[in-house]
Amino acid sequence: ISPLTSITHNINTTHTTTHTTTTHATHIRVVQVFRDTTQALLFSAVPPLAAALAHYFEMKFAEFLRLTSNDNDNENENENENENDMSDVSGVSASLLDTYTSEFTKMCQSLAALGLIDVSEAVITEILCSHISIYIAGRCPDQFDVPLLEECQKWLYDVVFKWLRMVLRSDATSLGVSQDSDDQIFRQWQRRLEFYFYETFANLR
């Protein structure tokens with residue numbers, strides 16, 4: 001390849017890469033402006049919207065708790081039953097959880113497209129912290145001779161963080177952010193909630 005051809009190729013490649021990056025950044029900016037404008041219009045036109053969002057997320061997390069709790073209860077209650085019965089129960093629980101996940105994810109994507117996940121951050125944090133306190137207080141009262149940290153940690157990761165992942169992934173999808181950015185946002189939430197979890201656990205233990 002001649003030097004001139006090589007230089008021309010490099011210039012074209014650089015231009016294409018720059019154009020792609022600029023286009024993506026512009027898309028994200030346009031989406032963000034749309035979300036900000038929609039938020040302002042919705043909250044000015046519908047004052048009870050914040051309360052409605054709080055009620056919705058509280059209801060959906062409570063439903064997720066019931067589904068995951070039922071799944072765990074079924075496993076414990078059926079330890080001594082035959083494999084066919086266990087398979088039937090497990091299949092029903094999995095089906096209900098799959099349906100919940102699909103419907104909740106779609107709803108969160110719709111809310112995220114309107115910018116309503118961002119403005120619900122304080123509400124979601126309050127809901128999750130409240131349930132963390134309730135769980136630890138209910139699981140660990142006056143049982144200082146029994147190691148419960150690992151069990152509580154498992155609940156935090158299997159329930160709280162799994163549900164939070166569904167919410168945040170929907171928001172990231174609506175913005176078109178990269179997987180790395182999505183993971184970074186989740187880790188920020190995770191660190192805050194882990195701090196609250198360990199602080200609450202230490203105070204009660």
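**View 1. Lys-60, at 11% relative accessibility, counts as buried.** Here buried means under 20% relative accessible area, exposed means over 50%, and partly exposed covers what lies in between, with a 1.4 Å probe and protein chains only. This is a predicted model, in which local features need a pLDDT of at least 70 and side-chain atom pairs count only at pLDDT 80 or more, whereas totals for chains, interfaces and linings use all residues. Residues are numbered from 1 along each chain as its sequence is written, and side-chain values use heavy atoms, with hydrogens and water left out. The side chain of Lys-60 meets that of Glu-63 in a salt bridge, at 2.9 Å from N to O; a salt bridge is a side-chain nitrogen of Lys or Arg within 4 Å of a carboxyl oxygen of Asp or Glu. Lys-60 and Glu-63 both belong to helix 2 (residues 49-77), where they are 3 residues apart, about one turn of the helix.

**View 2. The protein chain contains 6 helices and 0 strands.** Helices (H or I, at least four residues) and strands (E, at least two) are DSSP runs, numbered from the N terminus. Read from the N terminus on, the elements follow the order α-α-α-α-α-α. Of the 205 residues in the protein chain, 30% are buried. The chain exposes about 12,700 Å², and carbon and sulfur atoms supply 58% of this area, where accessible areas come from the Shrake-Rupley method with a 1.4 Å probe and, for residues, only the protein chains shown count as cover. Among contacts between residues at least 6 apart in sequence, 82% join residues at least 24 apart; a contact means heavy atoms within 4.5 Å.

View 3. The pLDDT is the predictor's confidence in each residue, on a scale from 0 to 100. For the protein chain it averages 76, and 60% of the residues score at least 70. Over residues 1-5 the pLDDT stays under 50, and the model has 1 contact beyond four places in sequence for this stretch. Over residues 7-11 the pLDDT also stays under 50, and there the model has 0 contacts beyond four places in sequence.

**View 4. A salt bridge joins the side chains of Arg-139 and Glu-151, at 2.4 Å from N to O.** This pair links distant parts of the chain, with Arg-139 in helix 4 and Glu-151 in helix 5, 12 residues apart. Arg-139 is partly exposed, with a relative accessible area of 27%, and Glu-151 is partly exposed as well, with a value of 33%. A search of the whole structure finds 5 salt bridges. In general, side chains of opposite charge can pair when their charged atoms come close.

**View 5. The side chains of Arg-165 and Asp-183 meet in a salt bridge, at 3.1 Å from N to O.** Arg-165 lies in helix 5 and Asp-183 in helix 6, so the pair ties together parts that are 18 residues apart in sequence. Both of these residues, Arg-165 and Asp-183, are buried.

**View 6. Glu-194, in helix 6 (residues 179-204), is buried yet has no salt bridge.** The nearest side chain of opposite charge is that of Arg-191, 7.1 Å away; for this comparison Lys and Arg count as positive and Asp and Glu as negative, while His and the chain ends are not counted. Leaving aside neighbours within four places in sequence, Glu-194 is in contact with Leu-156, Tyr-157 and Phe-161. One of these, Tyr-157, lies in helix 5 (residues 149-175) and is partly exposed, with a relative accessible area of 36%. When residues up to four places away in sequence are not counted, Tyr-157 touches Lys-162, Gln-190 and Glu-194. Tyr-157 and Gln-190 are 33 residues apart along the chain, and their C-alpha atoms are separated by 9.4 Å.

**View 7. Gln-109 lies in helix 3 (residues 83-113).** Gln-109 is partly exposed, with a relative accessible area of 35%. The C-alpha atoms of Gln-109 and Arg-169 are separated by 8.5 Å, although these residues are 60 residues apart along the chain.
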